[in-house]
Amino acid sequence: EVANYIIENIAETSEVYSVSGQWDLLAKFYLKDVSDIGRFICDDLQATPRIRDTFTIDTFNAFSA
């Protein structure tokens with residue numbers, strides 16, 4: 001339910017996964033360089049119904065073999 005909401009309502013969403021452990025979902029978002037990440041998290045992501053908490057990790061470079 002929450003994953004579908006994120007996919008359908010947050011345009012910056014790339015992928016959403018169900019995960020085990022401390023968190024229920026892992027979501028990837030691509031923001032423009034000029035985006036205010038704090039505003040995105042507070043105004044868009046944390047405003048999502050049934051989201052109680054978030055853990056944010058910024059990424060910079062993707063590496064592959």
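1. Start with Thr48: its side chain reaches the backbone oxygen of Leu45 at 2.9 Å. A polar atom of that side chain also lies 3.3 Å from the backbone oxygen of Asp44. Polar contacts here are pairs of N or O atoms within 3.5 Å; within protein, one must be able to donate a hydrogen and the other to accept it, and residues adjacent in sequence count only if both atoms are side-chain atoms.

2. A word on the source: this is a predicted model, where local features need pLDDT of at least 70 and side-chain atom pairs count only at pLDDT 80 or more, while totals for chains, interfaces and linings use all residues. Residues are numbered from 1 along each chain as its sequence is written, and side-chain values use heavy atoms, with hydrogens and water left out.

3. Thr48 sits in the segment after helix H2 (37–45); helices are DSSP runs of H or I with at least four residues, strands are runs of E with at least two, and both are numbered from the N terminus. Thr48 counts as buried because its relative accessibility is 2%; buried means under 20% relative accessible area, exposed over 50%, and partly exposed in between (1.4 Å probe, protein chains only).

4. Beyond its neighbours within four places in sequence, Thr48 is in contact (heavy atoms within 4.5 Å) with Val2, Tyr5, Ile6 and Ile10. With neighbours within four places again set aside, Ala3 is in contact with Val16 and Leu25.

5. Last, look at Val19, in the loop between strand S1 (13–18) and strand S2 (25–29). Val19 counts as partly exposed, because its relative accessibility is 35%.
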